[in-house]
Amino acid sequence: MTRRPRALVYGLLAAFFLGSAFPLYWSFIIGSVTRVRASQNPPPLLPGGHFLENASRVFDRIDFWSALGNSILISGFSALSVVLFSTLAGYSFAKLRFRGSNALMVFVVMTMAVPPQLALIPLLKEFSNLGLTGTQFAVALPWLVTAFGVFFMRQYLVDAIPDELIDAARVDGCSMIRTFWTVAVPAARPAMAILGLFTFMQVWTDFMWPLLVLQGSDVQTLQTALDQLKISPSQTLSDMALLQAGTMLATVPLLLLFIATGRHLVTGIMQGAVKG
Amino acid sequence: MAQTTASPAGGHGGNAVLDRGGPPRRYRLSRWDLKASPYLYILPFFAVFAVIGLYPMLYTGYLSFFSWPRFGAEHGSAVGWANYVHVLQDPVFRKALVNTVGIFLLSSVPQVLIATVVAALLDTHLRGRSWWRMSVLLPFVVAPAATALIFGSLFADKSGLVNDVLGGLGLSNVSWHGERLASWTAIATMVNWRWTGYNALILLAAMQAVSRDLYEAAAMDGASRVRQFLHVTLPSIRTTLMFVIITSTIGGLQIFTEPRLFDTNLQYQGGADYQYQTLAMYVFNTANSAVDPYPRAAAAAWLLFVLIIAFALLNFLVIRALQRRSA
């Protein structure tokens, strides 16, 4: 396949892109027309001038800024935690020799098949016994370190650090942890950035766990705030303009992050795949 | 100081020389550092998994054999398989089981097929390659909750765009929230929209690892592009394809957010007649119900897990059988 692709290939990819982008455009249209116009036939196809008005109605119904702050805090904290612990564990699995290392790595991969529903009830009970329900920490706790993160860092570090470099640091008298900081971390930096970005997005978009653990609390994330926006007063259900304005507001932060870092995200997803 | 890393070069012979000079105390510390550090570094993962994965999972299993009328108090007496029997006889559970499998089939099959085609399109010498790759990933940054609200509006029964387009084509309106198959289609569309591009990138990575010599050899034999795709590309990426199929199975059977937010009533039961309630929703809703909520939800959660394992195994066996036959 060395020839330049024909127009058909571009045409199909462009069609796929339009399909990917259109729902976002639609959400913006509905979020920017009046409530009455949003429910009329035929549906509007061009944006109106009422987005700010709808947005201010969203701010009246839910504490958007606090939810945004919580989402940033929880996702940021989880990303840092996942990156730190996954890099440590990935380095250990990739570069250090210890008894049981292969079996333990297989176990890590297998944990990825356990559905979260299986853990919901005991976790909720534990958390409510500890008085942690309704806190940001409770949302972040399942995200301290992930099996995917450990696996991803291991795959990356196997090839990224020459064994000679570790030996040299050890001969110079570095302790194990200093060797980790001075040799492994600099080599792991690109993968750490990608894993951090990926985790940030995963935690940001998580819904079921925050919904359960934040039930009836003032603390909400952007996703559970959308759920509240939907259930607030019952007439909201027919108020598509309000719902779509809220959806847009909740989506824009991640969209900006994607525009700034999407290329790295693509690289990361593809890297994780080839070596996996 | 004794040191051994995974390096075959750092053999014991060389270290013995270094060991001799060190003072005993420091030597012992360093020895301990060497032995314990690998385990210390992986400890956080296993500690977290024990607390948020393994223990809750086993406790869920244990709980499913007891009665436990209300949250807060300790659980009641052992009831054997009664919770499982109750769940399996519950008509809502049976509906949810069928819905889950139906939505899963409507989402995973087209998703894997389209992702493979998109990956093949991306695996050409495109101009603006990284732009195109980013473009297919766009829906991935839209959270499932937002996705559900957007598609809930596109598929609105009265003023939705989809029905408007159908009307323009002279077709009658579809009750996207009311009819069972229609609601499955709408929910599967959300899943496909969000995940097809992501899976395409994973398949693209596998396609790029295929040796270009194979294509050239096939081209010299006069194989068309389509034949090259079928006989060179597909066999080469089968491991990745299996990975994509199995992960989309595991994810697809757990679907929760999309159907929950697609609901237009406030009971979150997945439609007036439970026509699109999924098993994950059933677990969640049972945990919020009146009688023995937790043991019954626990039993339902284990049944869901068994279903996921069964489907993943089935996938694996079918794919392996197909490979054997083609080999």
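Two residues are in contact here if their C-beta atoms, placed from the backbone, lie within 7 Å. This is a predicted model: local features need pLDDT of at least 70, side-chain atom pairs count only at pLDDT 80 or more, and totals for chains, interfaces and linings use all residues. Residues are numbered from 1 along each chain as its sequence is written, while chains are lettered from A and ligands numbered from 1 in the order in which they are written.

**Stop 1: a helix pair in chain B.** Helices and strands are DSSP runs numbered from the N terminus (helices: H or I, at least four residues; strands: E, at least two). Now show α4 (residues 91-122) and α13 (residues 279-287) of chain B whole: they pack at about 145 degrees, with axes 8 Å apart. Those axes are lines fitted to C-alpha atoms over the stretch in contact, and angles run from 0 to 180 degrees between N-to-C directions. Colour this contact by class and you get seven nonpolar residues, one polar and no charged. Ala, Val, Leu, Ile, Met, Phe, Trp, Tyr, Cys and Pro count as nonpolar, Asp, Glu, Lys and Arg as charged, and the others, Gly among them, as polar.

**Stop 2: the core.** A nonpolar core is a set of buried Ala, Val, Leu, Ile, Met, Phe, Trp, Tyr and Cys residues joined through C-beta atoms within 7 Å; buried means 20 or more other C-beta atoms within 10 Å of a residue's own. Which members of the 168-residue largest core touch the most others? Pick B:L203, B:V283 and B:A300. Helix α8 (residues 180-208) of chain B supplies the largest share of this core, 16 residues. Zoom in on B:L203: beyond its neighbours within four places in sequence, B:L203 is in contact with B:A115, B:T116, B:A119, B:I237, B:T240, B:L241 and B:V244.

**Stop 3: where the chains meet.** Select the 87 residues of chain B in contact with 87 residues of chain A. On the chain B side, helix α2 (residues 24-63) gives the most, with 19 residues. That side of chain B divides into 64 nonpolar, 19 polar and four charged residues.

**Last stop: chain A.** Switch to cartoon and count 13 helices and zero strands. Its C-alpha atoms fill a box of roughly 75 × 65 × 30 Å along the principal axes. Of the 276 residues of chain A, 48% count as buried.

Methods. A residue is buried if 20 or more other C-beta atoms lie within 10 Å of its own, exposed if 12 or fewer, and partly exposed in between; C-beta atoms are placed from the backbone.
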